[in-house]
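Please open the model in your viewer and keep the sequence panel beside it. The tour below goes from one selection to the next.

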Amino acid sequence: MSIAMLVFIACGVMAVVGAIALILAREPVHSALALVLVMISLAILYLLLGAAFIAAIQILVYAGAIMVLFVFVIMLLNAGEEVRTNVSRLAKWVGLPLGVFFLAEMTYSLFREYGNRVAATTGAAAPVPASTQDLSIKLFTEFVLPFELTSILILIAVLGALVLAKRES
Amino acid sequence: MVPISYYLILSAVLFGLGVVGFVFKRNIITIFMAIELMLNAVNLAFVAFSREFNQLDGLIFVFFVIVVAAAEAAVGLAIVMVIARNRKSLNVEDVNLMKF
């Protein structure tokens, strides 16, 4: 078993454990910390896939900025333990089997489609890791219009958040 | 080298757990976190496909997904704060004005 496989198994188990902990935790703060665990293990997986820039912004933006925002709101609203209520019967008897079926179907079709692709990637045609330089050249030439549009999106989001959170006097 | 199918299955499992959290959690902030978990799972699939097919477009898409997730978190958490201020509760079952 190669080192890459070992790292993948470690990070994959960490991500799944974090996701389960997110669901099982009663306190929102514990869920937030579990989600940070998932994001950090995903960042290591991105490094394993050779996407260094994506791993960096995963840590900076997701695990840094967005999760700090979440923890800040939890603190501000003084969110305590979750109130336990009865899950609706529709969710329990229809939603859960459908979710399991959906997962099994997705896993089966992905495995059938890509399960035997490992031979193609180990030979001379093995993909090279994408460098940050290539990524930025593509981003600022081919995708420059969407890139500029995201700045407008962020501006509108900031204005929307300000208007929503404003206290009516 | 790890086969791409392993990444895709991990991504599917994380997405499924995100859906389960979205349906079964009752705290509105935790539901939001489940949505973020689903977005992360999709990002993992994008990066894995991008590596497999040697195409940079997948990484660009992940970049935009992260930007949109940041904007969504800002607006969504502002909405959560308004709901918490008006209803004095973070339970989604108290927000049932448009419930059928």
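What pattern does chain A follow, read along the sequence? Chain A follows the pattern α-α-α-α-α-α-α. It has seven helices and zero strands, where helices (H or I, at least four residues) and strands (E, at least two) are DSSP runs, numbered from the N terminus.

Before selecting anything, note that this is a predicted model, in which local features need pLDDT of at least 70, side-chain atom pairs count only at pLDDT 80 or more, and totals for chains, interfaces and linings use all residues. Residues are numbered from 1 along each chain as its sequence is written, while chains are lettered from A and ligands numbered from 1 in the order in which they are written.

**Stop 1: chain A as a whole**

Select chain A, which has 169 residues, 21% of them buried. A residue is buried if 20 or more other C-beta atoms lie within 10 Å of its own, exposed if 12 or fewer, and partly exposed in between, with C-beta atoms placed from the backbone. Two residues are in contact if their C-beta atoms, again placed from the backbone, lie within 7 Å. Among contacts in chain A between residues at least 6 apart in sequence, 54% join residues at least 24 apart.

**Stop 2: the side of chain A that touches chain B**

Now show both chains. 69 residues of chain A are in contact with 56 residues of chain B. Which helix of chain A gives the largest share of the side that touches chain B? It is H3(A), with 11 residues. By class, this side of chain A has 53 nonpolar, 12 polar and four charged residues. Here Ala, Val, Leu, Ile, Met, Phe, Trp, Tyr, Cys and Pro count as nonpolar, Asp, Glu, Lys and Arg as charged, and the others, Gly among them, as polar.

**Stop 3: the two H1 helices**

Two packed helices are described by the angle between their axes and the distance between the axes. Select H1(A) and H1(B), which pack at an angle of about 10° with their axes 9 Å apart. Axes are lines fitted to C-alpha atoms, for helices over the stretch in contact, and angles run from 0 to 180 degrees between N-to-C directions. H1(A) and H1(B) are therefore roughly parallel to each other; angles under 35 degrees count as roughly parallel, over 145 as roughly antiparallel, 65 to 115 as roughly perpendicular and the rest as oblique. Residues to pick out include Phe8(A), Gly12(A) and Ala15(A) on H1(A), and Tyr6(B), Leu10(B) and Val13(B) on H1(B). The contact of H1(A) with H1(B) has 14 nonpolar, two polar and no charged residues.

**Stop 4: the loop between H2 and H3 of chain A**

Move to Leu49(A), in the loop between H2 and H3 of chain A. Is Leu49(A) buried or exposed? Leu49(A) is buried, because 25 other C-beta atoms lie within 10 Å. Leaving aside neighbours within four places in sequence, Leu49(A) is in contact with Val47(B), Ala48(B) and Arg51(B). Phe8(A) is 41 residues away from Leu49(A) along the chain, and their C-alpha atoms are separated by 9.9 Å.

**Stop 5: H2 and H3 of chain B**

Select H2(B) and H3(B), which pack at an angle of about 175° with their axes 10 Å apart. That makes H2(B) roughly antiparallel to H3(B). Among the residues of the contact are Ile28(B), Ile29(B) and Phe32(B) of H2(B), and Val80(B) and Ile83(B) of H3(B). By class, the contact has 15 nonpolar, four polar and one charged residues.

Asn54(B) lies in the loop between H2 and H3 of chain B. Asn54(B) is partly exposed, with 14 other C-beta atoms within 10 Å, and its phi is near 55°, a positive value in a residue other than glycine. In the segment after H3 of chain B, find Lys88(B). Lys88(B) is exposed, with 8 other C-beta atoms within 10 Å, and has a positive phi of about 60° although it is not a glycine.

**Stop 6: a contact list to finish**

Last, select Ile29(B). Leaving aside neighbours within four places in sequence, its contacts include Pro28(A), Phe70(A) and Val73(A) from chain A, and Val80(B) and Leu90(B) from chain B.
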